[in-house]
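User: I've got a model open and would like to talk it through with you. Could you take my questions as they come?

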Amino acid sequence: PLLDPVPALPALYTSVGFSIFAFLSTLYLVPALGHTFVKAGLKGGDLLKPYRHEIPIPESQGLVCASIYILLLMLFIPFAFSNFIMNFASENTSYSEGISVVQFPHYQLSVYLSSLLSLLIATMLGFLDDVFDIRWRHKLPIPIIASIPLLMVYYAERGNTHVVVPLPLRSILGTLVNLGPLYYLYMSLLSTFATNSINILAGINGSEVSQALIIAVSVILNDLLYLPWPMDFRIPLHLLGNKAEVEFGGVWSAGMAYGSRELVERHLFSLYFMMPLVAVCLGFLYHNWYPARAFPGDTLCYVTGMAFAVVGIQAHFSKTLLLFFIPQIFNFIISCPQLFGLVPCPRHRVPRYDADTNLLYPSTAELVKEPSKITMLTLKTMAALGLTELQLHPKTGAIQKASNLTILNFFLVRLGPMNEKRLVQVLMCSQVAGSVVA
Ligand code: UD1
Ligand code: MG
């Protein structure tokens with residue numbers, strides 16, 4: 001019989017250890033390196049503070065987080081494969097005990113390496129965006145290209161391209177539909193969406209990193225459902241087949257009902273990438289929390305977004321992953337009229353700060369030109385749905401201003417003015433609520 005144990009507990013413990021180290025390093029390095037960033041011109045005023053022009057805040061601190069994160073992931077590679085390394089070392093004894101020696105899993109190594117490649121490109125793109133403010137049309141296609149290594153690795157394993165059809169449509173389409181190449185298109189767009197959607201839900205202290213933190217924790221909770229509980233971490237393969245259901249039925253988690261060795265391995269891979277991410281995000285949140293002493297920059301948004309795309313694709317839960325992006329999807333959809341030029345889009349769409357009350361109010365986009373029919377229709381529909389607030393000309397009734405189409409302004413329109421800390425808390429609650437629903 002194949003007695004090929006699932007590599008787990010030692011590596012998982014190591015990953016927890018690495019994560020603690022990542023947390024402490026971020027906590028220490030972000031303030032220690034801040035002034036070097038300011039000296040290099042990487043700084044920004046805190047837009048929603050009375051001291052916005054006086055005190056420069058170090059920008060692009062996501063670079064510190066990304067460096068710690070990626071270097072630790074590289075250092076972790078031998079540990080992720082420790083089980084096989086140990087198998088190689090004890091090759092002779094294994095034979096004498098009649099255990100077949102397992103081939104080194106090159107496939108898993110390529111999963112790991114292609115993921116690091118995508119993370120590195122995301123870091124580079126994010127940092128370049130911080131330095132040069134890259135245009136939308138230039139930065140959109142880059143994550144799509146950056147996802148090709150991931151897709152190739154997915155293809156190499158003959159990855160699944162079927163989707164489960166929602167119940168009402170099953171009589172027409174059947175239970176499963178094979179999307180084929182379209183599925184690959186979906187996955188490459190996922191990397192663009194994940195990276196940019198966090199970046200456009202930004203601008204108040206703690207917003208970017210808290211989104212990343214909550215999504216990463218949600219992914220971890222989802223992964224844990226797929227591990228065999230209680231964990232005996234040298235589980236022989238024959239226990240991980242369908243038999244597991246029979247032998248461990250009630251005790252093992254839901255995921256194990258269709259548990260297979262690959263399923264467990266994929267979610268372990270996801271855990272190895274998500275635990276250090278939670279750690280750097282937590283460490284950074286401490287410095288980015290209201291009132292912020294450091295800004296994440298586009299680098300943090302891109303790296304965290306790409307990390308989610310990577311685990312979603314490589315651990316085969318790219319559709320589940322989107323369920324953890326409910327606020328980002330909402331923000332993206334209502335942003336579309338501004339992103340695609342129907343409604344003017346100012347450089348910053350952050351809420352308006354009122355120094356006297358220290359409260360935030362919805363910020364507005366001014367319609368200087370006569371708006372086209374389609375713009376009018378869009379804005380009026382959105383206003384009717386309560387998504388935006390319009391200012392009309394007192395005589396002609398023409399639209400003069402509309403509150404910027406972001407989820408942050410939407411919260412302010414619906415819930416009334418509030419201070420910056422409260423607004424980020426509302427955003428965090430909506431993210432948690434989204435994950436709970438998911
Ligand atoms: C995106 C948004 C933009 C928003 C900006 C804020 C779109 C299309 N773009 O642009 O509307 O204003 O993010 O990050 O939706 N800042 C703060 N407080 C914070 C974080 C950032 O004041 O907590 C300010 C700082 O001045 C910082 C600047 O935002 O320097 C960073 O903006 P940047 O990330 O370059 O903006 P974009 O990503 O291009
Ligand atoms: Mg940004």
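Here is the conversation, starting with the ground rules.

Analyst: This is a predicted model, so local features need pLDDT of at least 70 and side-chain atom pairs count only at pLDDT 80 or more, while totals for chains, interfaces and linings use all residues. Residues are numbered from 1 along each chain as its sequence is written, chains are lettered from A and ligands numbered from 1 in the order in which they are written, and side-chain values use heavy atoms, with hydrogens and water left out.

User: What share of the residues in the protein is buried?

Analyst: The protein has 19 helices and nine strands (DSSP runs numbered from the N terminus: H or I of at least four residues for helices, E of at least two for strands). Buried here means under 20% relative accessible area, with exposed over 50% and partly exposed in between, using a 1.4 Å probe and protein chains only. Of the 438 residues, the buried share is 50%.

User: Which residues coordinate the magnesium ion (ligand 2)?

Analyst: Donors are N, O and S atoms within 2.8 Å of the metal (3.2 Å for Na, K and Ca), and water is not among the atoms, so the site may look incomplete. The distances run from 2.0 to 2.1 Å, with OD1 on one residue and OD on the other. One sits in helix 10 and the other in helix 14, so the pair ties together parts 99 residues apart in sequence.

User: How many residues of helix 14 are buried?

Analyst: Its length checks out: at 1.5 Å a residue (times one less than the number of residues), helix 14 should span 26 Å, and its end C-alpha atoms are 26 Å apart. After the helix comes H316, with a positive phi near 60 degrees. Helix 14 is largely enclosed by the rest of the structure, because the buried count is 18 of 18.

User: Which residues lie nearest the centre of the largest pocket?

Analyst: A pocket is found on a 1 Å grid over the protein atoms alone: an open set of points with protein on both sides within 12 Å along at least five of seven lines, lined by residues with an atom within 4 Å of a point. The largest has a volume of about 1100 Å³, and its lining divides into 18 nonpolar, eleven polar and twelve charged residues. Elements giving two or more residues to that lining include helix 5 (106–132) and helix 14 (297–314). Of the 41 lining residues, those nearest the centre are D133, N199, D298, R347 and H348.

User: Is S197 buried or exposed?

Analyst: S197 is in helix 10, residues 181–199. Beyond its neighbours within four places in sequence, S197 is in contact (heavy atoms within 4.5 Å) with F325 and Q328. Its relative accessible area is 1%, which means S197 is buried.

User: What is the relative accessible area of L185?

Analyst: L185 lies in helix 10 too. Its C-alpha atom is 9.4 Å from that of L151, 34 residues apart along the chain. L185 counts as partly exposed, at 45%.

User: Which residues does Y361 contact, leaving aside its neighbours within four places in sequence?

Analyst: Y361 is in strand 6, residues 359–361, and is partly exposed at 22% relative accessibility. The contacts of Y361 are P351, R352, D354, N409, L412 and P417.

Definitions and conventions
On a 1 Å grid over the protein atoms alone, a cavity is a set of points where a 1.4 Å probe fits but cannot get out, and a pocket is an open set with protein on both sides within 12 Å along at least five of seven lines; lining residues have an atom within 4 Å of a point. Grid points are joined across faces, edges and corners, and a volume is the space filled by probe spheres set on the points. Ala, Val, Leu, Ile, Met, Phe, Trp, Tyr, Cys and Pro count as nonpolar, Asp, Glu, Lys and Arg as charged, and the others, Gly among them, as polar.
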